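These are my notes on the model, as numbered points. Please read them with the structure open.

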Amino acid sequence: IIYNEMCMILQTRLFRILPSHSNNSSTSTTVVEINASQYNPRHDGAVRQGTTTPRDVIVREIAFGSVGDVQFRRTGLWFDIPSSDIALCTPQQAKRRKRTMRRLKQQQLMGGAADGSIGG
């Protein structure tokens, strides 16, 4: 669960952004994939022009929506989500949420049928 939304973390990658200076006046950056043992959470500030401090970034590919409904599954890349904002969902929580979502959907359908908005 991230920001109160049920989701699935498909993959997590770690990167280091290394500012590099060339001989001319322009500055370029290099992005290198790193492993977990190389990750340094203290390198989490912005890379500023003229600095030589690297920045480490956590990128997670996250899918929102129902696992069984590929048509509505939304995936995206999320950068630097604090681990404290990610909660592991227990099977009981997942079942409870699924029942709640099903009940809300049925209520919407019943409410729509009562006011004549569904059908023809």
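1. Ala 63 has Thr 75, in strand 4, as its bridge partner. Strand 3 and strand 4 pair in the antiparallel sense over six bridges; two strands are taken to pair if DSSP finds at least two bridges between them. Helices (H or I, at least four residues) and strands (E, at least two) are DSSP runs, numbered from the N terminus.

2. On provenance, this is a predicted model, in which local features need pLDDT of at least 70 and side-chain atom pairs count only at pLDDT 80 or more, while totals for chains, interfaces and linings use all residues. Residues are numbered from 1 along each chain as its sequence is written, and side-chain values use heavy atoms, with hydrogens and water left out.

3. The protein has one helix and four strands. Read from the N terminus, the order of elements is β-β-β-β-α. Of contacts between residues at least 6 apart in sequence, 48% join residues at least 24 apart; contact here means heavy atoms within 4.5 Å.

4. How much of the protein is buried? Of its 120 residues, 16% count as buried, where buried means under 20% relative accessible area, exposed means over 50%, and partly exposed is in between (1.4 Å probe, protein chains only). The accessible surface of the protein is about 9,100 Å², and 53% of that belongs to carbon and sulfur atoms. Areas come from the Shrake-Rupley method with a 1.4 Å probe, and for residues only the protein chains shown count as cover.

5. Nine of the 10 residues of strand 3 are buried, so strand 3 is largely enclosed by the rest of the structure. In strand 4 the number buried is zero of six residues, so strand 4 lies largely in the open.

6. The structure holds one aromatic pair. The ring centres of Phe 64 and Trp 78 are 5.6 Å apart and the planes are at 45°, so the pair is tilted. The rule is that rings of Phe, Tyr and Trp (its six-membered ring) pair if their centres lie within 6.5 Å, with planes under 30 degrees apart counted as stacked, over 60 as edge-to-face and the rest as tilted. Phe 64 belongs to strand 3 (residues 55–64) and Trp 78 to strand 4 (residues 74–79), so the pair links distant parts of the chain, 14 residues apart. Phe 64 counts as buried because its relative accessibility is 9%, whereas Trp 78, at 30%, counts as partly exposed.

7. Which residues make up the largest nonpolar core? There are five: Ile 2, Cys 7, Ile 62, Phe 64 and Ile 81. A nonpolar core is a set of buried Ala, Val, Leu, Ile, Met, Phe, Trp, Tyr and Cys residues joined through side-chain atoms within 4.5 Å. Cys 7 counts as buried at 19% relative accessibility. Neighbours within four places in sequence aside, Cys 7 is in contact with Ile 2, Ile 62, Ala 63 and Phe 64.

8. The structure holds zero disulfides. Cys 7 is in none, and its nearest cysteine sulfur, that of Cys 89, is 9.1 Å away. That distance is too far for a bond, since a disulfide is defined as a pair of cysteine sulfur atoms within 2.5 Å. Cys 89 counts as partly exposed, at 23% relative accessibility.

9. Asp 85 sits in the loop between strand 4 and helix 1 (91–114). Asp 85 and Ile 2 are 83 residues apart in sequence, yet 6.0 Å apart in space, C-alpha to C-alpha. Setting aside neighbours within four places in sequence, Asp 85 is in contact with Ile 1, Ile 2 and Tyr 3. With a relative accessible area of 30%, Asp 85 is partly exposed.

10. Asp 80 also lies in the loop between strand 4 and helix 1. Its phi is near 55°, a positive value in a residue other than glycine. Most residues other than glycine have a negative phi. Asp 80 counts as partly exposed, at 28% relative accessibility.

11. Not counting residues up to four places away in sequence, Asn 40 touches Arg 16 and Asp 56.
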